[in-house]
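Have a look at the fold, then read on.

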Amino acid sequence: LNLPISGSLDNPEFSIGSVIGEAVVNLLTKIITAPFTALSAAFGGGGEDLGYVAFDPGAAVLREAELKKLDTLAKALNDRPALRLNITGRALAAADTEALRRDKFDAKLRAAKAQELVRAGQSVDPKTVTVATSERERLIGRVYEAASIPDKPRNFLGMAKSIPAAEMEQLIMKTVTAGEEDLRQLANDRATAVRDYLSDKGKVPRERLFLVAPLLDGSGDAKELPPTRVDFALK
């Protein structure tokens, strides 16, 4: 404990016991009210709040900047084998929906390219396919052609009219939705990504890491914390 003391030891009112007592009470209060900040200070995290990790909207991939926090948390858990960790994934419609819809649209383009590659005799996984900028317009056209779009512009013969790729994209996006189940899956994927990192990279036994039901309504959110995150609680 760092106990900054100033004054005269000859002062009859000076009491080292009261100074230590006050410091201990303050420390215990901090541990109870902000346990993850206390763990961070004790294990080289610089006092940063280890109680959560943030994600980009619509994404369940861990940010590089958050890995240091997880490394510090893993170190603390390994040093305190009696501790167990609850992991709660979060997702919020206002923050995640648009990014989820955009990801679904991009997945359609990747699937269209995968179909082209399969027709060319290649064996591919659509999840690993990448779309170059030069290919995007062509693939949008393929997706648009196959899509069931009620207000698709047609000529006097009833055939779909040729329109610019940007307009095709807008019409396709109108058919792409992201609902509660998508948000629930995203929140669960975020929690799973954290658990896997702590167990695989941090070497924390998986039986000490518990996935809790996700939160999708922003309940208990603090204004300074991002809604696209995973929360932790010690047991």
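Predicted model: local features only at pLDDT ≥ 70, side-chain atom pairs only at ≥ 80, totals over all residues.

Residues are numbered from 1 along each chain as its sequence is written, and side-chain values use heavy atoms, with hydrogens and water left out.

**Confidence**

pLDDT is the predictor's confidence in each residue, from 0 to 100. The protein averages 85, with 80% of its residues at 70 or more. Among its elements, helix H1 (residues 16–33) has the lowest mean pLDDT, 52, while helix H7 (residues 180–200) has the highest, 97. Over residues 27–34 the pLDDT is below 50, and that stretch has four contacts in the model beyond near neighbours in sequence. A contact here means heavy atoms within 4.5 Å.

**Layout**

You'll find seven helices and four strands, running α-α-β-α-β-α-α-α-α-β-β along the sequence. Helices (H or I, at least four residues) and strands (E, at least two) are DSSP runs, numbered from the N terminus. Of contacts between residues at least 6 apart in sequence, 71% join residues at least 24 apart. Of the 235 residues, 34% count as buried.

**H5 against H6**

Helix H5 (residues 133–146) and helix H6 (residues 165–174) have axes that come within 9 Å and cross at roughly 45 degrees. Axes are lines fitted to C-alpha atoms, for helices over the stretch in contact, and angles run from 0 to 180 degrees between N-to-C directions. On the H5 side, the residues in contact include Ile140 and Tyr144, and they meet H6 residues including Met168 and Leu171.

**Two residues**

Buried means under 20% relative accessible area, exposed over 50%, and partly exposed in between (1.4 Å probe, protein chains only).

| Residue | Relative accessibility | Class |
|---|---|---|
| Thr88 | 12% | buried |
| Pro227 | 26% | partly exposed |

Thr88 sits in strand E2 (residues 85–90). Leaving out residues up to four places away in sequence, Thr88 touches Val212, Ala213, Leu215, Arg229, Val230 and Asp231. Pro227 is in the loop between strand E3 (209–215) and strand E4 (229–234). Pro227 and Asp56 are 171 residues apart in sequence, and 9.9 Å apart in space, C-alpha to C-alpha.
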